[in-house]
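Visitor: I have a model open here and would like to go through it with you. Could you start with how you use your terms?

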Amino acid sequence: LTSRRPLYAAPLPCKVVALEVPPLSREDAALLLARRSHRPLYQRDVDYDVAVVAARAAAAPAGKPEPLGEPLMLVGRQREFLQHLAGHPLLASIGGVPWAI
């Protein structure tokens, strides 16, 4: 149960405690985004240069579609992936606020 404002009159059979969650660190915010994503993340999602190449390929005349590549995984080089994702402008604009992710 989460809320932006405390709700003290909630008709629940248990006690709800209002707890403010501070902003997350950049890597923790990146991990939360990666875990809550509704689809796999690809390199083109976090790297502008790869996204430009993918957009040009999609705009090319009909032909064989460009493969998406392998989805980025949270195993193996997780720290490197999270540092790269943490530097994305979207996460910088969110400021680590959990409910905004």
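Guide: Buried means under 20% relative accessible area, exposed means over 50%, and partly exposed lies in between, with a 1.4 Å probe and protein chains only. By that cut-off, 16% of the 101 residues of the protein chain count as buried. This is a predicted model, in which local features need pLDDT of at least 70 and side-chain atom pairs count only at pLDDT 80 or more, while totals for chains, interfaces and linings use all residues. Residues are numbered from 1 along each chain as its sequence is written, and side-chain values use heavy atoms, with hydrogens and water left out.

Visitor: OK, and what is the mean pLDDT of the chain?

Guide: The mean pLDDT, which is the predictor's confidence in each residue from 0 to 100, is 76 for the protein chain, and 71% of its residues reach 70 or more. Among the elements, helix 1 has the highest mean at 88, whereas helix 3 (residues 48-59) has the lowest at 59.

Visitor: How many helices and strands are there?

Guide: The protein chain has five helices and zero strands, where helices (H or I, at least four residues) and strands (E, at least two) are DSSP runs numbered from the N terminus.

Visitor: Let's look at helix 4. Which of its residues are buried?

Guide: In helix 4, which spans residues 78-86, the buried residues are F81, L82, L85 and A86. They lie on the same side of helix 4, because they cover an arc of only 130° around the axis, the arc being that of the directions from the helix axis to the C-beta atoms.

Visitor: And what do they pack against?

Guide: The buried residues of helix 4 pack against helix 1 (26-36), helix 2 (43-46) and helix 5. Contact here means heavy atoms within 4.5 Å, and the residues of helix 1 that meet helix 4 include R26, A30 and L33, with Q78, F81 and L85 among those on the helix 4 side.

Visitor: At what angle do the axes of helix 1 and helix 4 cross?

Guide: Their axes come within 8 Å and cross at roughly 100°, with axes taken as lines fitted to C-alpha atoms, for helices over the stretch in contact, and angles running from 0 to 180 degrees between N-to-C directions. That makes helix 1 roughly perpendicular to helix 4, a label used for 65 to 115 degrees.

Visitor: Switching topic: where is G95?

Guide: G95 is in the segment after helix 5 (89-94), and it counts as partly exposed because its relative accessibility is 43%. G95 and S25 are 70 residues apart in sequence, yet their C-alpha atoms are 8.7 Å apart in space.

Conventions: Angles under 35 degrees count as roughly parallel, over 145 as roughly antiparallel, 65 to 115 as roughly perpendicular and the rest as oblique.
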